[in-house]
Amino acid sequence: MSSVGLLLLCGIFLGVVPAHAAEDAVTIDATVDGTPVGADELLLDPARSSLITVTVHNGTNTVRHIKTIRLSGTALALTFFSYDTTVPFDVPAKQSVTRGFVLDLGQLGGQATGLLPTELEVLDTNRELVASIGVTGDVRGSMWSVYGVFGLAVFGLTALAWTGALVALARRRLPANRWQRAMRFLPAGVGTGLVAVISLSVLRIMPPSPAAEIPFILGAAAAAFALGYLTPHPDVDDFPRDPESTQRITRPLPGGVA
């Protein structure tokens, strides 16, 4: 066996192999229960633990000191779950190191549910990001998780906003200015877009990525704004009159009697 082959065999045995990363870059590959991260949706089941294997490819000319591996899920720029696992190891220059650990996801059921953008990150000893890989996480949590309750709260506030705007329209109590009427409907439109994004996520149809969030929210907001702008002008005769601004005029009756 050649010396190169012997070194490669020893490197695989020790978890250290020549890096496949790009020049002057650090990248990672990972698997969860044997499934490559990034190839498909990542199943995250709170009912069982998951075996996570991370390979760090160091394409730089310096040793990278890894301390923490983080698994987190975000939606609408909010983090709904985050797990930090301390796995200290060094990655020599131009080489790769593989480490594995078991992650207990028991608390995930109360944190999120549905499809969420998920990140697997490696951090150095200063807790600075070294490299990361993104995937869509399929979280099998409860509807009464933090994310589920957040969606229900947004739905309730949106329903109140629509109720207030439509009741004011029915009672002809909207402002006379068209732009002010449009602004009265705008919060209801924004809430409608948020409800659509969260609902698609919880129903496991589409994760709440910026590419999906922006069109839904802006589209619903624009539709509600236009609806408010085009509402009919309130009839000024229906507004209550100020009694001090009017005067009673008596007309003389026939015969000169007032």
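Modeller: Let's start with a term: a salt bridge is a side-chain nitrogen of Lys or Arg within 4 Å of a carboxyl oxygen of Asp or Glu. This is a predicted model, where local features need pLDDT of at least 70, side-chain atom pairs count only at pLDDT 80 or more, and totals for chains, interfaces and linings use all residues. Residues are numbered from 1 along each chain as its sequence is written, and side-chain values use heavy atoms, with hydrogens and water left out.

Biologist: Thanks! Which residues are linked in a network of salt bridges?

Modeller: By this rule the count comes to six salt bridges. The linked residues are R70, D84, E121 and R127.

Biologist: Is T68 buried or exposed?

Modeller: Leaving aside neighbours within four places in sequence, T68 is in contact (heavy atoms within 4.5 Å) with residues including D84, E121 and R127. Buried means under 20% relative accessible area, exposed over 50%, and partly exposed in between, using a 1.4 Å probe and protein chains only. At a relative accessible area of 1%, T68 is therefore buried.

Biologist: How many residues apart in sequence are the parts that D138 and R204 tie together?

Modeller: The side chains of D138 and R204 meet in a salt bridge of 2.7 Å, N to O. D138 lies in strand 10 and R204 in the loop between helix 3 and helix 4, so the parts they tie together are separated in sequence by 66 residues.

Biologist: And what is the relative accessible area of D138?

Modeller: D138 also meets R140 in a salt bridge of 3.0 Å, N to O. R140 counts as partly exposed at 44%, whereas D138 is buried, with a relative accessible area of 8%.

How values were computed. Helices (H or I, at least four residues) and strands (E, at least two) are DSSP runs, numbered from the N terminus.
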